[in-house]
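User: Could you walk me through how to read the main features of a protein model, one at a time? I would like the general idea and then the actual case.

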2 protein chains.
Amino acid sequence: MSTSLPIVRTIADLRARVRAWRAEGLRVGFTPTMGALHEGHLSLVRLARTRADRVLASVFVNPTQFGPNEDFEAYPRDEAGDAALLASAGCDLLYAPGVAEMYPPGASTTVTVAGVSEPLDGIARPGHFAGVATVVTKLLNQCAPDVAVFGEKDWQQLQVIRRLARDLDIPVEIIGAPTARAEDGLALSSRNAYLTAEQRPVAGRLNQVLRRVHDRLRAAEPVAAVEAEAVAELLAAGFAKVDYVEARVPETLERLGPGPASGPIRVLAAAHLGKARLIDNLGD
Amino acid sequence: MSTSLPIVRTIADLRARVRAWRAEGLRVGFTPTMGALHEGHLSLVRLARTRADRVLASVFVNPTQFGPNEDFEAYPRDEAGDAALLASAGCDLLYAPGVAEMYPPGASTTVTVAGVSEPLDGIARPGHFAGVATVVTKLLNQCAPDVAVFGEKDWQQLQVIRRLARDLDIPVEIIGAPTARAEDGLALSSRNAYLTAEQRPVAGRLNQVLRRVHDRLRAAEPVAAVEAEAVAELLAAGFAKVDYVEARVPETLERLGPGPASGPIRVLAAAHLGKARLIDNLGD
């Protein structure tokens, strides 16, 4: 598979390219990814295209956001395929640094975001959001984009990133992009590749269950009971373990009371099916 | 006292000024301070002047780097005097944000630097370096300077800042400036204002003791014994409490062995005298 997409692997080369764009007065859009790209990522690139003159994507499987028992080694990697897909979506440059470029010897600085990074995946994946916050701070400082696009599929991550960009005064506009889904509602994810043919239809139930949770909460059914029934339903459908199904305040991720919800809500879930840990969320 | 130095108080106004400089192709130098300026600060401004076309100074007494029992409230403040001194030293712009501009409601992101921020003042002042690292990350992102100048008087702080700028890929050159001293060797410090006339000559002993520690270590006397004698000497001279007198590896601040030192060393001390907590350091 051939592609004309230029690839840079060092911060210095990246900055030289971005500087040249800036010298022409061009606006720069940025889409950070961990590779193994699918239609969801490409929709981020296309959204960035509508907001910038040049679009830069990064592919970096960030070791510091994986726990010791998670899938860092197994995480799918396909740079040639990724580059071809990015080129087809209108990306202008791929930044694919190695681990040593991102974390040279002696690296010891961490960015942490209190509050929004604490519940949900903050509990299920200790250290995950510190890894995300640190690498995203680095990537934003390396790339210096005008706008950066992140998927709403990782809703909590999106809120963490919005918060850190604001709190650290990084001069970038953070944009959330809607989740791309398969026909049965399954959120597109690189980790869907872990699913077997038998597991795939079960996986689609996650989104269907979340939809119903949302409908019932909008109909003023009590939050705690609806959440508990959703967990039971996922387990009955064949999920091995449910980390959470919770309705929360969309931007702050604060807990809703146990009774009927008022105001905007976001329903978030994480559940295990075979080798895959699937997450999804939806809201008003 | 009149001064023509322009003052900005918001990130937006600051960025507009810096953008205008950049549009002219000018290099920007930055000197962050907590105000109550003295000759030491002015030497930082002058050093920045030699490395940049325009020099920006900030005055911000950062609440998050003070402990609950420290001197945040008492810390000396004199904006008019500071502005006049900065103008006289060749500063072009003063950035003096309020606390609400730096920490709007909901701010919850922290930058921490492992290793270099842990010993010495990391022990004596819990949370201090997280406050410093976070505010300096913010200031550098707000000001976007080409070079930023920090005093070697706060040696450990300088190493923390070098580390975070490198680790977070902030595109700035960090420069350390030599410590400005009174005739008897006392390092200039805003906190020297806390000293009474009787305490002032005692304060000068700190630098004299550190000089002797350094000479003795260079003469291969054993580290542990020399450090212990220095602490005793400071207490005998009238210091109320000595937080530490320690010789360490200059950039990493790793401990030296207890025996004779080989390689470069930095001798650092913190000691209390009346209402002042004085710090000093020196090296090869």
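Analyst: Here is a short tour of sheets, helices, symmetry and backbone angles. This is a predicted model, in which local features need pLDDT of at least 70, side-chain atom pairs count only at pLDDT 80 or more, and totals for chains, interfaces and linings use all residues. Residues are numbered from 1 along each chain as its sequence is written, chains are lettered from A and ligands numbered from 1 in the order in which they are written, and side-chain values use heavy atoms, with hydrogens and water left out.

User: Let's start with sheets. In what order do the six strands of the open sheet in chain B run?

Analyst: Strands of a sheet pair through backbone hydrogen bonds, in either a parallel or an antiparallel way. Strands (E, at least two residues) and helices (H or I, at least four) are DSSP runs, numbered from the N terminus, and two strands pair if DSSP finds at least two bridges between them. In chain B the order is β1-β4-β3-β2-β6-β7, with parallel pairing. The edges are β1 (7-8) and β7 (173-177) of chain B; each has a single partner strand, so one side of each is left without a neighbour in the sheet.

User: Is β2(A) mostly covered or mostly open?

Analyst: In a regular strand the side chains alternate between the two faces of the sheet. Strand β2(A) is mostly covered, with six of its six residues buried; buried means under 20% relative accessible area, exposed over 50%, and partly exposed in between, with a 1.4 Å probe and protein chains only. One side carries V28(A), F30(A) and P32(A), the other G29(A), T31(A) and T33(A). Strand β2(A) pairs with β3(A) in the parallel sense over six bridges, and T33(A) stands opposite V59(A) in β3(A). The chain goes from β2(A) through α2(A) to β3(A) in a right-handed β-α-β crossover: with the strands pointing away from the viewer, the path from the first strand over the helix to the second runs clockwise. On β6(A), F30(A) has A148(A) as its bridge partner.

User: What does helix α2(A) pack against with its buried residues?

Analyst: The buried residues of α2(A) are G40(A), H41(A), L42(A), L44(A), V45(A) and A48(A). They pack against β2 (28-33), β3 (54-59), α3 (79-88), β6 (147-151) and β7 (173-177) of chain A. For length, the expected span is 1.5 Å times one less than the number of residues. The 13 residues of helix α2 (residues 39-51) of chain A should span 18 Å, and its end C-alpha atoms are 19 Å apart, which agrees.

User: How are the two chains related?

Analyst: Two copies of a chain are related by a rotation about an axis and a shift along it. A rotation of 180° with 0.0 Å of shift superposes chain B on chain A, with RMSD 0.0 Å, which is the relation of a two-fold axis. Among residues of chain B, V111(B) comes closest to the axis, at 2.3 Å (C-alpha).

User: Where is A36(B), the residue with positive phi?

Analyst: Most residues other than glycine have a negative phi. A36(B) has a positive phi of about 50° although it is not a glycine. A36(B) lies in the loop between β2 and α2 (39-51) of chain B and is buried, with a relative accessible area of 15%.

Terms used: Contact = heavy atoms within 4.5 Å. Least-squares fit on C-alpha atoms with pLDDT ≥ 70 in both.
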